[in-house]
Amino acid sequence: MILACQNITKAFGDHIVLRNASFHIEEREKAAIVGINGAGKSTLLKIIMKELPADEGQTVVTRGKSIGYLAQHQEMSGGSSIFDELLTVKQEVLALEAQMRETERSMKHAEGEALAELMDTYARLSHEFELQNGYAWKSEITGVLKGLGFEEAEFDKKVDTLSGGQKTRVSLGKLLLSRPDIILLDEPTNHLDMHSITWLETFLMNYQGAVIIVSHDRYFLNRVVTKIVEIDQGTVTTFAGNYTDYARKKAQFREAQMQAYLNQQQEIRHQEEVIARLKSFNREKSVRRAESREKMLDKMEVLEKPAEVHADMRIELEPRFPSGNDVLSVEGLSKSFAPRLLFRNLSFEIKRGERVALIGNNGTGKTTILKILNGVLPADEGLFRLGARVKIGYYDQEHHVLHMEKTVFEEISDAYPTLTNTKIRNVLAAFLFTNDDVFKRIRDLSGGERGRVSLAKLMLSEANFLILDEPTNHLDIVSKEILEHALTRYTGTVLFVSHDRYFINTTATRILDLSGQTLTNYIGNYDYYVEKKETMTNFAAGAPAVAQTSAPAPSDSRLDWKQQKEQQALLRKKQNELRRVETQIERLETRDREIDGLLAREDVFTDVARVTELSVEKENLRTELEALYESWEQLSE
């Protein structure tokens with residue numbers, strides 16, 4: 001065990017956020033903290049980091065273990081560049097490197113005992129330098145920055161010129177490079193595109209320390225974590241497994257809770273009926289028995305009724321009338337913001353009933369396409385046509401369609417003047433705006449609250465073609481599931497942009513991947529897209545070799561189509577294996593040459609232990625290479 005939270009209680013005024021919360025984290029364990037917005041997830045992380053005091057209880061970190069924390073919002077200033085900001089994490093390594101260089105210079109002029117002492121110092125410094133991966137510090141920083149979505153051209157940007165999201169990515173990079181024993185991450189995927197999220201998943205899955213994540217990204221949690229810590233109305237419960245395991249167990253757990261509650265209520269009613277009947281007998285013996293049952297009933301610990309699932313926000317999306325079969329046709333669409341070209345000559349169609357996800361890395365132009373379709377931006381070239389009886393409902397992630405000066409009530413009543421006050425109140429209550437909340441100004445609302453207002457307007461629009469830009473931003477997991485359920489039951493057509501892969505997987509029937517300034521079409525959900533894209537990538541990598549080696553032999557004319565396909569698949573598999581073996585050979589041969597170079601250095605060949613170590617490594621390399629050479633020969637044939 002590396003971290004333990006023991007009976008943590010925290011309240012803000014009369015509102016109890018955490019009540020006797022206890023859980024523990026093992027070394028190298030990957031865990032997630034989940035719960036609705038406001039449940040206390042970020043509060044719990046701040047208590048662990050000692051940024052907030054607990055009212056009761058304590059957190060215990062194993063002695064000598066380090067802990068690192070990424071909050072949702074980062075403040076970063078100063079004139080340093082992005083690269084230099086991450087370089088601050090490597091100061092110890094740089095100091096070691098400077099000491100090594102200084103020791104090397106001193107060794108040139110030393111003799112006898114002084115030289116021996118310097119050689120010992122150098123060996124110790126070299127060992128520590130290797131342990132800290134010192135020879136690769138530059139490539140390590142570069143790899144992390146690229147993984148988090150920064151291009152090399154951006155490495156020299158000053159951090160005080162960056163956006164909030166970029167600063168968060170820089171802070172995340174510093175934290176990952178520092179490699180603490182425990183990493184706490186609060187919504188780490190909020191400012192990452194799909195490529196960067198996938199990179200972060202791989203990094204965290206292979207991370208040697210413990211990781212605790214607060215995130216609403218269910219796909220991310222499914223891939224990374226093996227434990228879920230749930231906060232529900234102040235109570236903390238631990239579930240083994242990833243998010244899907246948790247959701248299944250939670251449903252079973254809730255069903256058992258509800259059954260226990262119903263059974264107890266039935267027993268209480270039964271006992272009350274028996275007591276009433278016994279008293280009605282009006283005999284001393286029956287009255288005593290009734291009193292005895294009443295005492296037992298008073299001592300019973302009455303179970304609370306479990307909260308209704310999805311009892312909060314209520315969304316019902318339904319078009320007023322159906323559209324024609326052809327909903328949208330786009331031809332030759334191009335757009336650039338000089339000097340950058342976003343996309344060129346895009347063409348696609350959307351049919352009635354489809355739910356199409358438009359995906360791609362940040363900055364590729366996904367939101368721009370939606371704005372063009374909604375008349376917010378003009379296209380440079382190309383055109384689009386809406387089909388017969390198509391009525392658009394637009395959800396804008398920046399909420400530009402909302403009027404900041406209006407109240408929540410005015411925003412709805414002005415957009416739909418025929419609605420009665422009672423109807424408006426009921427709609428807003430369905431989106432969690434009750435009492436005086438409806439008189440708040442839009443400008444004073446949080447991102448999540450603005451999102452709920454936009455969803456309320458979308459529901460009232462009764463549109464048959466929904467265009468949604470990041471509709472799950474700022475929504476907690478329960479609200480996302482409510483929206484997913486509404487969209488999958490919706491009988492109209494949907495085009496949406498999202499980075500939420502779980503949401504895409506649940507709702508999309510088709511995917512348009514915007515990359516390389518063009519679109520690729522995949523008919524299926526996100527899992528299908530991942531599978532097909534990987535297949536296409538492998539096929540593209542092997543295509544030239546296939547074309548060269550698969551010229552039909554005389555016997556091929558007798559093979560049927562299926563046999564040819566099987567042979568081609570086998571050939572591609574062998575070609576991929578051949579490339580893998582060639583890469584391994586190149587890597588090992590490079591290391592072999594490096595060892596030869598090291599053994600030629602005086603500071604190495606005078607160090608018996610180091611020479612022995614390198615000789616053993618060289619012999620192991622020779623054995624590995626012999627086996628690889630043999631494999632390469634067989635595959636080449």
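This is a predicted model: local features need pLDDT of at least 70, side-chain atom pairs count only at pLDDT 80 or more; totals for chains, interfaces and linings use all residues.
## Overall makeup

The chain has 637 residues, of which 43% count as buried. Its secondary structure comprises 20 helices and 18 strands.

Among contacts in the chain with a separation of 6 or more, 69% are between residues 24 or more positions apart.

## Helices α3 and α4

Helix α3 covers residues 91-107 and helix α4 covers residues 112-131. Their axes come within 10 Å and cross at roughly 155°. An angle over 145 degrees counts as roughly antiparallel, so α3 and α4 are described as roughly antiparallel to each other. The crossing of α3 with α4 is left-handed.

On the α3 side, the residues that meet α4 are Val93, Leu96, Glu97, Gln99, Met100, Arg101, Thr103, Glu104, Ser106 and Met107. On the α4 side, they are Leu115, Leu118, Met119, Thr121, Tyr122, Leu125, Ser126, Glu128 and Phe129. By class, this contact of α3 with α4 consists of 10 nonpolar, 5 polar and 4 charged residues.

## Helices α12 and α13

A second pair is formed by helix α12 (residues 408-415) and helix α13 (residues 421-430), whose axes come within 10 Å and cross at roughly 120°. The crossing of α12 and α13 is right-handed.

In α12, Val408, Phe409, Ile412 and Ser413 take part in the contact, and in α13 their counterparts are Asn421, Ile424, Arg425 and Leu428. The contact of α12 with α13 has 5 nonpolar residues, 2 polar and 1 charged.

## Strand β17 and its partners

Strand β17 spans residues 510-515 and is mostly covered, with 5 of its 6 residues buried. β17 pairs with strand β12 (residues 355-359) in the parallel sense, over 4 bridges. In this pairing, leucine 512 of β17 stands opposite leucine 358.

β17 is also joined to strand β18 (residues 518-522), by 5 bridges, and these two strands run antiparallel. Isoleucine 511 has tyrosine 522 in β18 as its bridge partner. β17 and β18 form a hairpin with 2 residues between them. In the turn of this hairpin, glycine 516 has a positive phi of about 60°.

## Isoleucine 212

Isoleucine 212 belongs to strand β7, which covers residues 210-214. Its relative accessible area is 0%. Buried means under 20%, so isoleucine 212 is buried.

Leaving aside residues up to four places away in sequence, isoleucine 212 touches Leu3, Ile25, Ala31, Ile33, Leu45, Ile183, Leu184 and Leu185. Aspartate 84 is 128 residues from isoleucine 212 in sequence, and the C-alpha to C-alpha distance between the two is 27 Å.

Notes. Residues are numbered from 1 along each chain as its sequence is written. Side-chain values use heavy atoms; hydrogens and water are left out. Buried means under 20% relative accessible area, exposed over 50%, partly exposed in between (1.4 Å probe, protein chains only). Contact means heavy atoms within 4.5 Å. Two strands pair if DSSP finds at least two bridges between them. Axes are lines fitted to C-alpha atoms, for helices over the stretch in contact, and angles run from 0 to 180 degrees between N-to-C directions. A crossing is left-handed if the near helix is turned anticlockwise from the far one by less than a right angle, and right-handed if clockwise. Ala, Val, Leu, Ile, Met, Phe, Trp, Tyr, Cys and Pro count as nonpolar, Asp, Glu, Lys and Arg as charged, and the others, Gly among them, as polar. Angles under 35 degrees count as roughly parallel, over 145 as roughly antiparallel, 65 to 115 as roughly perpendicular and the rest as oblique.
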